[in-house]
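Colleague: I have a model open and would enjoy a close look at one part of it with you. Could you pick a helix and walk me through its surroundings?

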Amino acid sequence: MSYCRTTLVEFNSEKDADEAHADYSKNAPSEFPEAEILLSTRTGPASAVVTSVYPDKETAKKATAARNARMEKAAHRMKSTEMHQGEVILKVVR
């Protein structure tokens with residue numbers, strides 16, 4: 001069963017959000033090659049919801065090191081983060 005990890009991010013500033021989004025767009029596909037879905041939604045000038053979906057919980061767990069490295073690299077740009085994760089109940093891809 002697919003497994004989802006969603007992180008709510010509040011950046012220090014709009015500039016920090018711009019820089020973080022540019023970096024994520026450029027590098028996340030190669031940093032998380034096992035992800036079925038990578039989705040970053042800008043929810044405000046300095047906020048975002050970032051979601052990744054993996055084939056299963058074990059694959060998501062293996063991506064934790066890459067996630068931790070990414071979060072550490074961007075820590076100076078973020079005011080707060082809140083992560084939620086769990087099994088995907090519905091996934092429609094068109």
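Modeller: Happy to; what follows is a tour of helix H1 and the parts around it. Please keep in mind that this is a predicted model.

H1 covers residues 14–31 and has 18 residues. From its first C-alpha to its last, H1 reaches 24 Å, close to the 26 Å expected at 1.5 Å a residue. The helix also bends, by about 40° at Ser25, and a proline, Pro29, follows within four residues.

Four strands form an open sheet in the order S2-S3-S1-S4, and their pairing is antiparallel. Strand S2 (37–44) and strand S4 (78–87) are the edge strands, each pairing on one side only. From one strand to the next, the twist averages 15°. H1 packs on this sheet, where it touches S1, S2 and strand S3 (47–54). The direction of H1 makes about 170° with that of S2. As for S1 (residues 3–11), this strand pairs with S4 in the antiparallel sense over nine bridges; in one of them, Tyr3 has Glu87 in S4 as its bridge partner.

Which residues of H1 are buried? They are Asp16, Ala17, Ala20, His21, Asp23, Tyr24, Asn27 and Ala28. The cover over the buried residues of H1 includes S1, S2 and S3, along with helix H3 (64–74).

Helix H3 deserves a stop of its own, through Arg70, which is found there. Is Arg70 buried or exposed? Its relative accessible area is 9%, which is under the 20% cut-off, so Arg70 counts as buried. Leaving aside residues up to four places away in sequence, Arg70 touches Asp23, Tyr24, Asn27, Ala28, Glu31 and Phe32. Among these, Asp23, Tyr24, Asn27 and Ala28 are also on the list of buried residues in H1.

In soluble globular proteins, nonpolar side chains tend to be buried together. Here the largest nonpolar core has 18 residues, and Phe11, Phe32, Tyr54 and Met78 touch the most other members. S1, H1, S3 and H3 are the elements giving two or more residues to this core, and H1 gives the most, with four residues.

Methods
Residues are numbered from 1 along each chain as its sequence is written. This is a predicted model: local features need pLDDT of at least 70, side-chain atom pairs count only at pLDDT 80 or more; totals for chains, interfaces and linings use all residues. Side-chain values use heavy atoms; hydrogens and water are left out. Two strands pair if DSSP finds at least two bridges between them. Axes are lines fitted to C-alpha atoms, for helices over the stretch in contact, and angles run from 0 to 180 degrees between N-to-C directions. Contact means heavy atoms within 4.5 Å. The expected span of a helix is 1.5 Å times one less than its number of residues. The bend at a residue is the angle between axes fitted to the seven residues ending there and the seven starting there. Buried means under 20% relative accessible area, exposed over 50%, partly exposed in between (1.4 Å probe, protein chains only). A nonpolar core is a set of buried Ala, Val, Leu, Ile, Met, Phe, Trp, Tyr and Cys residues joined through side-chain atoms within 4.5 Å.
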